[in-house]
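Hi,

Here is the structure I promised to pass on. Have a look at it first, and my notes follow below.

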Amino acid sequence: EIEPFFRAGCEVDLYRVRSDLQIDVEDIAARLVPGIKALLVTHYFGFPQRHLAELKELCRRNGTLLVEDCAHALFSDGTEGPLGSTGDLSVFSFRKTLPLPHGGGLLINDPHLGPLPPNLAPSNLSTLTKAIDLYKKSLLQNLGARHSPVERANLLWCLPLLKLAEVFWRLDLPSRTAWYDPDDEGFGFADEILRWGMSAYCRRLLPGLSDPGIRDVRRGHWLILQERLAGLAHLKPAFPELPPGVCPLFFPILIADRTAWVKRLQENRIYAAPWWEALYPKVALQDFPDALELKARMIALPLHQDLSAAALARMTDFLRNG
């Protein structure tokens, strides 16, 4: 989320986020000097920043726009209402919560802002290959101990196109932008991608996928993981409790030897992600030891709405005994 600001010619300053993923309001107050145009506040994993109203007032007094990063927080509520309703601008990533290959939204709460220039249509190849990748992961995540012939066939038909997309991305060719993967964490993406909007395909899917009941399913999965992973000495949940109204994106844990754990989890078809693994080269992260600790130890465990009870049990059993 920082790279596009640099490409737009902005100067960027960082503030402290504590080890509990809450913003250090005192640190922001000291940095929020006149002339700062915008403050970006992130609701990590769908959990609200507790001092949002105080941050809004700080911004108002300083003439600064408050931008809520709700990429993790679709369907989440805080004490002031739905997350995204407080900031002057709010951004959402639909594809992180819903089974979409790409797509996000910008909510403009300040009537003095806008209008925006039109977006470009995204690459059809990027949309297709990401949709197939999601389908493959869904199959693998919920497979039992053995693959049935139908399950094997469903996997095999999509593998060639996914491998072709990987080859094009690794080759330094002008056409590789067409195969862009939204989950790529590199910083060398083409400027054109910053202007991509949602495809017509994703716009058609979105209304049928946007079920607020998803929040209840994800909350149920979160509570199962909380119960089954409680008291383990080798891991620590990033959030001790699930507040009312939160639609959690993942179940984040802190664990030692993260690389080894992620490798073993993925080898067992558990798509746990080493969260914030990439270190951004243009900022002095050594000045923020809490962030570095989180980036070194965080694993995001899946709890999305398509997970089966068997997949949840397999994941928690592996973490308890693996």
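Let me start with a question: leaving aside its neighbours within four places in sequence, which residues is Leu134 in contact with? Keep in mind while you look that this is a predicted model.

The residues in contact with Leu134 are Pro99, Leu100 and Pro101. Leu134 itself sits in helix α5, which covers residues 124-142. Along the chain, Leu134 and Pro99 are 35 residues apart, yet 7.3 Å is what separates their C-alpha atoms. Leu134 counts as partly exposed, because its relative accessibility is 28% and buried would need a value under 20%.

Now for the cores. The largest nonpolar core has 50 residues, and the ones that touch the most other members are Phe45, Leu301 and Leu319. The top contributor is α11, with five residues.

Next, the pair α8 and α11. Their axes come within 10 Å and cross at roughly 25°. Since angles under 35 degrees count as roughly parallel, that makes α8 roughly parallel to α11. The crossing of these two helices is right-handed. On the α8 side, the residues at the meeting point are His221, Ile224, Leu225 and Arg228, and they meet Leu312, Ala313, Met315, Thr316 and Arg320 of α11.

Then there's α3, which has two faces. Leu52, Leu55, Leu58, Cys59 and Asn62 are its buried residues. They are on the same side of α3 because they cover an arc of only 120° around the axis. In general, residues three or four places apart in an α-helix point the same way, because there are 3.6 residues a turn. Arg60 and Arg61 are on the other side of α3, and both are exposed. As for what the buried residues of α3 pack against, that would be α2, β1 and β2 (65-70). Just after the helix, Gly63 has a positive phi of about 70°.

Where is Thr86: it lies in the loop between β4 (81-82) and β5 (89-93). Thr86 counts as buried because its relative accessible area is 18%, and the limit is under 20%. Not counting residues up to four places away in sequence, Thr86 touches Leu52, Lys56, Leu66, Glu68, Glu80 and Asn109.

Finally, a couple of backbone spots to check. Arg269, in the loop between α9 and β9 (273-274), has a phi near 60°, which is positive although the residue is not glycine. Trp276 is another non-glycine residue with a positive phi, in this case near 55°. You'll find Trp276 in the loop between β9 and α10 (289-297), and with a relative accessible area of 22% it is partly exposed.

Cheers

Conventions:
Residues are numbered from 1 along each chain as its sequence is written. This is a predicted model: local features need pLDDT of at least 70, side-chain atom pairs count only at pLDDT 80 or more; totals for chains, interfaces and linings use all residues. Side-chain values use heavy atoms; hydrogens and water are left out. A nonpolar core is a set of buried Ala, Val, Leu, Ile, Met, Phe, Trp, Tyr and Cys residues joined through side-chain atoms within 4.5 Å. Buried means under 20% relative accessible area, exposed over 50%, partly exposed in between (1.4 Å probe, protein chains only). Helices (H or I, at least four residues) and strands (E, at least two) are DSSP runs, numbered from the N terminus. The arc is that of the directions from the helix axis to the C-beta atoms. Contact means heavy atoms within 4.5 Å. Axes are lines fitted to C-alpha atoms, for helices over the stretch in contact, and angles run from 0 to 180 degrees between N-to-C directions. Angles under 35 degrees count as roughly parallel, over 145 as roughly antiparallel, 65 to 115 as roughly perpendicular and the rest as oblique. A crossing is left-handed if the near helix is turned anticlockwise from the far one by less than a right angle, and right-handed if clockwise.
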